[in-house]
Amino acid sequence: MVSLAEKMAANLDMSAFGKAEELKKRLWFTILALIVFRLGTFIPLPGIDPKILAEIFARNSGGILGMFNMFAGGALERMTIFALNIMPYISASIIIQLGQSVVPSLQALKKEGEAGHRKVTQYTRYLTVLITIIQGYGIAVGLEGMTGSAGLSAVIMPGFVFRFTTIVSLVGGTMFIVWLGEQITKRGVGNGSSLIITVGIIANIPTALAQTFELGRVGSMSAGVILMLLVMVLALIYLIVFVERAQRRIVIQYPKRQVMGRMAASESSHLPLKINPTGVIPPIFASSLLLLPITIANFSAESGPSWVQSLSQMLGHGQPLYLGLYAFLIAFFAFFYTAIVFNPEETAENLKKHGGFIAGIRPGKNTAEYLDYVIARLTVLGAVYLVGLCILPEILISKLAVPFVLGGTTLLIVVQVTMDFVGQLQSHLIAYQYESLIKKASLAHRKKR
């Protein structure tokens, strides 16, 4: 059964967009906030020689740091105040959500409604500051130990002052991005955190395409391989759109009911369950969780002990250890986040309260078990899809030295966030059309009176 909202979305009158003043304000706010974010990715940390830093980063850009630099929109390569992007906040969110599953006090906050949510958000911010301090210190110490080809340090005046200013600058920059993302979510269109990551990726697409075509021009890559990569990108985009829109629809029956003294006919609806209910969360969470140890290992590799250098090499892009950890974390968060967003017992109880039932399944416990059975198998499909989408292109890219932007993880984030953004635009337009219809009906009623 097609809902009224779906029908209206299919028949949206785009002329309504020009009249939707509130939506235009939200769009302008979103655009300006993202411009502010992009400007911040060019404000460098104090006390760093940019030429030597560029030379050092060029030596390591083929590793995992290149991937995180892509998420940061090039801010890590330029070592700016936004170098860590919003990743520390995502890491803090993961730790808090994991804590809510095992810590009784955090579980109690989850049940307190809006007040509990505010406390959890505050704890997440505190933890974000702590994680940023740790990562900032690791980056500062690592930069002090890095030297260019001429033996010159990337840091002009190493020492306590440099480490302190680096930590303060990174903490301030990260917390500003967190605040900016919250403002976009609240006053703009779309999810602020996802849009910030997506804009960082999109900003690197022109450079990535130029690098790929340059490899073909100098003969490092054949025209056939470049064509194959472009076809692979288009195929991945089609696959992402197909899977993200795919649903397992469970038919819900409602018995005959007496309404205002008359017997209403029985009705049927459906409960839509997505194949990938977690969206881009597992790859982003997995990348964010890998960032802390990998950042410290890579920046400490040149001046650290031999085991740190070995660890840095094993965590390199395309290496078995990195791919194994990445695949495991993606699968783990696919199951973990699905358990958070979908509760079979709660859904079964709500159906029972409203008189709904699944044909052939008893209401209550049996319905919950059936829903758990279905969602578990869908999650397996979703996890396999995410792991394959994110890992297989990464292997190919590491072998061909293709920029990270053409990988499955980045395409998944860009396509999924774009679909979510367009969906929210449609929701705002539908809401505006509802308001217009109500106003017209009210005016017509007044004229009749």
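This is a predicted model: local features need pLDDT of at least 70, side-chain atom pairs count only at pLDDT 80 or more; totals for chains, interfaces and linings use all residues.

Guide: Two residues are in contact when they have heavy atoms within 4.5 Å. Residues are numbered from 1 along each chain as its sequence is written, and side-chain values use heavy atoms, with hydrogens and water left out.

Leaving aside neighbours within four places in sequence, Phe37 is in contact with Ala72, Phe82, Asn85, Ile177, Leu180, Ile196, Val199 and Gly200. Phe37 has a relative accessible area of 0% and therefore counts as buried (under 20% is buried, over 50% exposed, and anything in between partly exposed, with a 1.4 Å probe and protein chains only). From Phe37 to Gly181 the C-alpha atoms are 9.6 Å apart in space, although 144 residues separate the two in sequence.

Phe37 belongs to helix α3 (helices, H or I with at least four residues, and strands, E with at least two, are DSSP runs numbered from the N terminus). Helix α3 covers residues 21-40, and within it Arg26 and Glu22 are separated by about one helical turn because they stand 4 residues apart. The side chains of these two residues form a salt bridge, with N and O 3.6 Å apart (a side-chain nitrogen of Lys or Arg within 4 Å of a carboxyl oxygen of Asp or Glu). Arg26 has 18% relative accessibility, so this residue counts as buried.

Leu32 is also placed in helix α3. Together with Trp28, Ile31, Ile35 and Leu39, Leu32 makes a nonpolar surface patch of about 530 Å². Patches are made of residues with over 30% relative accessible area and no salt bridge; like charges are joined within 9 Å, and nonpolar side chains (Val, Leu, Ile, Met, Phe, Trp, Tyr) within 5 Å. Elsewhere, the charged end of Arg78 sits over the ring of Phe42, 4.0 Å from the ring centre (NZ of Lys or CZ of Arg within 6 Å of the centre and within 35 degrees of the ring normal).

The view may now be widened. A search of the whole structure gives 5 salt bridges. One of them joins Glu144 and Arg163, whose closest N and O atoms are 2.8 Å apart. This pair links distant parts of the chain, since Glu144 is in helix α9 (residues 114-144) and Arg163, 19 residues away, is in helix α10 (residues 160-187). Glu144 is buried at 16% relative accessible area, whereas Arg163 is partly exposed at 28%.

Another salt bridge connects Glu244 with Lys274, at 3.8 Å between the closest N and O atoms. Here helix α12 (residues 223-245), which holds Glu244, is linked to strand β4 (residues 267-274), which holds Lys274, and the two residues are 30 apart. Glu244 is buried at 4% relative accessibility, while Lys274 is partly exposed at 28%.

Phe285 and Phe333 make an edge-to-face pair, with centres 5.4 Å apart and planes at 90° (rings of Phe, Tyr and Trp, the last by its six-membered ring, pair if their centres lie within 6.5 Å; planes under 30 degrees apart are stacked, over 60 edge-to-face, and the rest tilted). Because Phe285 lies in helix α13 (residues 281-299) and Phe333 in helix α15 (residues 320-341), the pair ties together parts 48 residues apart in sequence. Both residues are buried, Phe285 at 7% and Phe333 at 1%. The rings of Phe285 and Tyr337 have centres 6.0 Å apart and planes at 80°, so this pair is edge-to-face too. Tyr337 is buried as well, at 18%. Phe285, Phe328, Phe332, Phe333, Phe336 and Tyr337 form one aromatic cluster.

Finally, the chain as a whole contains 18 helices and 4 strands. Of its 449 residues, 45% count as buried. Among contacts between residues at least 6 apart in sequence, 75% join residues at least 24 apart.

Conventions. Accessible areas come from the Shrake-Rupley method with a 1.4 Å probe; for residues, only the protein chains shown count as cover.
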